[in-house]
Structures are given as structure tokens and as C-alpha cells.
Amino acid sequence: MEHNEEFWEASIDELKQGFKEAPDSYTCLLCGEKIDKGMIYPYEGRLYEAERFMKVHIETTHQSVFNYFLTLDKKVTGLTEHQNKLLRLFYQGKSDKEVQKKMGIGSASTIRHHRFALKEKERQAKMFLAMMELLKEKDKHAPAFVPPHKTATMVDDRYNITTDEKESIIQKYFTENKEQLTKFPAKEKQKIVVLREIASSLEHDQTYTEKELNIRLKRYFDDYVLIRRYLIEYGFLDRKQDGSSYWLKK
């Protein structure tokens, strides 16, 4: 399952709470952690039913949904670094004077102006969402696009990929059973699709040693070092500084 697609397809309310409900489970939209309904989960000496335990998971793993969103690339959130810092301080409950002192800019009235600008951005976002919903009802020719993975290091035209393009690239570069690469593509779009497919075969909650990861990647392509490097470069994988362990970024 590609958790990033669930993330992009989630409603505003689902994004705010950080998880999606299914008939028999809850799935964290931030990392893909799945919790079955009808189970009792222990944590630090207490027992939790599934929905409450999912909230505990988000608090302990991601701090909060709001803080997680602030870690996303500015191409995903549309926020400048300056706006990101302001929102973080506002979320912490800082007054205008405290924010001004913390950031060392202007005066308290300057901060009030920034609050107004953010509110204006919210109004514009609501209007744009409404327009896009109306457009969906009329535009019968719009292609379906593959959403970029949440941990992408830089979202640009390389990620302008339709679902049809994705399937075509997979058919071109993978064997029929999708277990091996016939060759590694040179074009950026094609690289992203291939790397995404390989990354989806790795477990989200597992930390791999370099040897374990190499074995997994070599199943796809003999030059596993090349694949590993690109998985890191494109934001699919993270690793320890010394390269002793690797894991999927969340």
C-alpha cells in the first residue's frame, strides 16, 4: 500500500486528526502505521482502545499533526521558511510580542500584520479548493496525476506524472512480474517512478543494515549501490551518518 496516496486523498478532517478510519482499522496518514479495531493496546502501563491508541501513536511518534506538517517541503505546504517559523511559534501559544522577540523582527504590530497575511492565505486557499471541486465536476479531460511522495526532497516538474505515464514506465523498465529492472532509466520522471516502485517493496517499520538493504536492492538491479544512492537522494530512504543502518523516511 502506498501511504502517500492515502495522505493526498484524505479529507481536511482526516488530515487534521492525522489518521484515516476503515471498517476494521485506523491508518496513520503521516507514516502508514496501521492499527486494528477491536484490539486493546498497552502503552506505558496503560491500556488503550484502537482509536485512542492511534492518537497516542501520533503524539509519541510525530509530536503532533501540526508539527509534522511543518516538516514537509515548502513545495508541499506552500509556506516560506519565514511563514513556517511564524506558524510554529503561533501554535506554541506565543503572544505577538513574544514572537517578535523570538524572531528579532519589527515590532508587535509587524507580527499582527503577518497574522493578517496568513489569514488572507487561508481565505484564498478555501476559495481555491472550492473552485477545484467545481472544476472536477466539469473537466472530463483532466488526467489523473500521481501525487509526489511526502518525503520528496524537491517537488518540481519531475513529479508531473500521470497514472498512465506511471504504468507505461513500469512496463518499460520492469520485468513482467515487477521483480527486476531491465535497466535503470536516465530521465528524471522515469527514475522517480522506478525508485518509488522499489521503495514500496520495503517495510515501513524496519531498519535495515547496509548488507540487508543491498540484498533487497540487488534483487531488482545488479548496481544496487546506484539504486541505494538515488533512494536517499530523492527522499525515499534515510540513514545513519556512518551508513550502518537505513530506513524508509516517514
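This is a predicted model: local features need pLDDT of at least 70, side-chain atom pairs count only at pLDDT 80 or more; totals for chains, interfaces and linings use all residues.

Student: Which helix is F128 found in?
Tutor: F128 sits in helix α8, residues 108–138.

Student: And α7, at what angle does it pack with α8?
Tutor: About 100°. Helix α7 covers residues 96–103, and the two axes are 8 Å apart. Angles of 65 to 115 degrees count as roughly perpendicular, so α7 and α8 are roughly perpendicular to each other.

Student: Which residues meet there?
Tutor: From α7, D96, K97, V99 and Q100. From α8, A108, I111, R112 and R115. By class, the contact of α7 with α8 has three nonpolar, one polar and four charged residues.

Student: Switching over. How do the axes of α10 and α12 cross?
Tutor: At roughly 100°, coming within 10 Å. Helix α10 is residues 188–199 and helix α12 is 224–233. That makes α10 roughly perpendicular to α12.

Student: What makes the contact?
Tutor: K191, L195, I198 and A199 of α10, with I227, Y230 and L231 of α12. By class, this contact of α10 with α12 has six nonpolar residues, one charged and no polar.

Student: New topic. How many salt bridges?
Tutor: The count is 15, taking a Lys or Arg side-chain nitrogen within 4 Å of an Asp or Glu carboxyl oxygen.

Student: What does the pair of E21 and K37 tie together?
Tutor: E21 lies in strand β1 (19–22), and K37 in the loop between β3 (34–36) and β4 (40–43), so the pair links parts that are 16 residues apart in sequence.

Conventions: Residues are numbered from 1 along each chain as its sequence is written. Side-chain values use heavy atoms; hydrogens and water are left out. Helices (H or I, at least four residues) and strands (E, at least two) are DSSP runs, numbered from the N terminus. Axes are lines fitted to C-alpha atoms, for helices over the stretch in contact, and angles run from 0 to 180 degrees between N-to-C directions. Angles under 35 degrees count as roughly parallel, over 145 as roughly antiparallel, 65 to 115 as roughly perpendicular and the rest as oblique. Contact means heavy atoms within 4.5 Å. Ala, Val, Leu, Ile, Met, Phe, Trp, Tyr, Cys and Pro count as nonpolar, Asp, Glu, Lys and Arg as charged, and the others, Gly among them, as polar.
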